[in-house]
Amino acid sequence: MVNIARIQTSFARKAVHQPEHRFCDLYSLICSRAWIEEALDRVLSNQGSRTAGVDGITVRRFDDPDYRAAFIEETQRLLREKRYRPQPCRRVYIPKASGKRRPLGIPTLRDRVVQMELKMLLEPIYESEFLDCSYGFRPGRRTMDAVSQLWTYIQRAPKFYWVIEGDIRGCFDTISHHKLMGLLKHRVGDRDILDLVGMFLKAGVMEEGEVRDSEMGTPQGGIFSPLLANVYLHEMDRFWWEQYGRLSPEQKRRRRQVGEGNVRLLRYADDFVLLWNGTKQGAQALKECFAAFLRDELHLELSAEKTLVTHADEGFDFLGFHARRCNDYGRPVLIIRPSPKSVEHFKERVRGLTDRAMLSWDAESLVTHLNLYLKGWGYYYRYCSISQLAASLDRFVWGRVLYWLCKKHQRGPREIWRQYVKRVGGRKVIAVPRAEGGRLPVVLVHDIRVQRYPRFRRIPHPYLAVDSQPG
C-alpha cells in the first residue's frame, strides 16, 4: 500500500536539507492507482467539481461506481502510456468588486485530477523553499496571517510607516512560460513531469466554441495554477530576502544610523505590500527598485496608477482591509477595518439578494441565503475593528430585508413590521417563519464577536513536524 503522506514528508525533508537537490523519477508516482484515487477524492470533495469543463462531465457521474473505476483505469493507462493530453479550459467570467470581470479557466475533471496529482507531488518540495513572507494559497496559512503582521511592524519601535502598495498588472495572465519552466528545472529533474506541466500551460482555453492558444500566463481556476504562480513570484521574495530580509539585527541598526531604511515584505499571491522605515524618497526608490526587478527578471509590470507610496497615517488597503495609524485611543495605534471597497461590495451583494428579481423565493430561502453571506463576511472580519461599522451595516440589511418583504407581500411597512419584527432576548430582530415551525432570525453583523488574532502565530511546515523555513 502506497503511503502518500510518508512520501510527501520524505520529499519535504530532502528539500529542506538539500537545497540544491533536483528531484527525479517522479512520474511513476502519478501513474500509481493510489495517487490517482487520492487526487480524485480531493477533487470531488471540492465544490468546484460541480462545474463542468469542455467535456460536460460533472461530479454526479462519479456516483456510479463502475464509471469511477473506469475513469481511474483510463487515467492510469493514459499516464503510463504517456498519451495523456490536457484539454482546453472552459472560459467563464466572474464579476470583481471593481465592476470588471475576472476570467477563469475551468478544466475538465480528468485534468483537475492530474493537476491535483502534480500539486500533491510538488507542493511538499516547494513548501520547503518558500519564505514566510508569502501567505497566499499555501497550506496552513490564511489572509489574517499576513494582515496581522501589520500590527507588528507599524509600531513605534520598528517604525515601518511608509507603505508601497504593490499591484502587478495582469500577473497571472502575463507569467512567462519559458521563465517558469526554467525555474521549475532548478528543483525538478524529471523530464516527463516537466513536459506534463508544459502541456497544461499550453492547453489553451475554449471561449464561444473557439480554442485559443496560451502563449503566456497560468489559467486562473486551475488547481495547480496557484502553486505555479507562487513558484514564479518566489523569485521576488528571494530578491527581498537577499537584499534586506537576511540582514542581521546589527546590520539593520547600522542602516538606520546612516539614514537608510529596512524593508519588510508581505505577499499574498500577487497582492503585496512593502513596509519601509526610512524616508519617503527612499520609499520611492524602493518602489522603482522592485519595479525594475519584476520587469527585467520576471517580465511583469507594476501598475503605475495602483502601486502607491503611502504613509501609514494616511491609510492603505491590503487584502480587503484598510489599515491606518491614528490617535483614536490617545496614542498612535494601527486600526484595521474592512476596506471601503469591501463595504461597498457587501452592500451590492445584499442589494442583489434582496432585489425584485428574488421575489420568487420564499422568505425562509431569502433569509437562509442572506445569513450565509452575513456570517461569512462577519467571520472574515471578526479580527479587526468592525463594532462601529457593524451597526450601520445591520441597519442597511434591515432596510433591504423589510423592503423585500413589502414587495413580496404587497403590504405597507407598518404591517410588515408588525408581522416580522419580533422581540427576542430583550431586543428586536427580523424573524421569518420556518417551514418546519418556529422562526428564522436575520443574522446581525454586530452579534459576531470580535476576537484578537494571535500576533505571533508560528506557522509550522505543513509536511514536517518542525518549521525549517527562513524569512
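Analyst: Let's begin with a word we will need: a residue counts as buried when its relative accessible area is under 20%, as exposed when it is over 50%, and as partly exposed in between. Please keep in mind that this is a predicted model.

Side chains of opposite charge can pair when their charged atoms come close. Here, the count of such salt bridges comes to 27.

Arg 238 forms a salt bridge with Glu 235, and their closest N and O atoms are 2.9 Å apart. Both residues belong to helix H9 (residues 225-245); because they are three residues apart there, about one helical turn separates them. Now for the word we began with. Glu 235 has a relative accessible area of 16%, so this residue is buried, the cut-off being under 20%.

The side chains of Glu 127 and Arg 138 meet in a salt bridge with an N to O distance of 3.0 Å. Glu 127 is in helix H5 (residues 109-127), while Arg 138 sits in the loop between H5 and helix H6 (143-153); the two are 11 residues apart, and the pair links distant parts of the chain. Glu 127 counts as buried, because its relative accessibility is 2%. Arg 138 is buried as well, at 4%.

The loop between H5 and H6 takes part in another contact of this kind. Glu 129 and Arg 187 meet through their side chains in a salt bridge, at 3.0 Å from N to O. Glu 129 lies in that loop and Arg 187 in the loop between helix H7 (177-185) and helix H8 (191-201), so the pair ties together parts that are 58 residues apart in sequence. With a relative accessible area of 25%, Glu 129 is partly exposed, whereas Arg 187 is buried, at 3%.

Salt bridges can also be joined up in a group. Glu 74, Arg 77, Glu 81 and Arg 83 are linked in a network of salt bridges.

What about the surroundings? The structure holds two cavities of 30 Å³ or more, and the largest cavity has a volume of about 90 Å³. This largest cavity is lined by 13 residues, and the closest to its centre are Gln 115, Phe 200, Leu 201, Pro 219 and Ser 225. H5, H8 and H9 each supply at least two residues of that lining.

H5 holds Glu 127, a partner of Arg 138, and H9 holds the pair of Arg 238 and Glu 235.

How values were computed:
Residues are numbered from 1 along each chain as its sequence is written. This is a predicted model: local features need pLDDT of at least 70, side-chain atom pairs count only at pLDDT 80 or more; totals for chains, interfaces and linings use all residues. Side-chain values use heavy atoms; hydrogens and water are left out. A salt bridge is a side-chain nitrogen of Lys or Arg within 4 Å of a carboxyl oxygen of Asp or Glu. Helices (H or I, at least four residues) and strands (E, at least two) are DSSP runs, numbered from the N terminus. Buried means under 20% relative accessible area, exposed over 50%, partly exposed in between (1.4 Å probe, protein chains only). On a 1 Å grid over the protein atoms alone, a cavity is a set of points where a 1.4 Å probe fits but cannot get out, and a pocket is an open set with protein on both sides within 12 Å along at least five of seven lines; lining residues have an atom within 4 Å of a point. Grid points are joined across faces, edges and corners, and a volume is the space filled by probe spheres set on the points.
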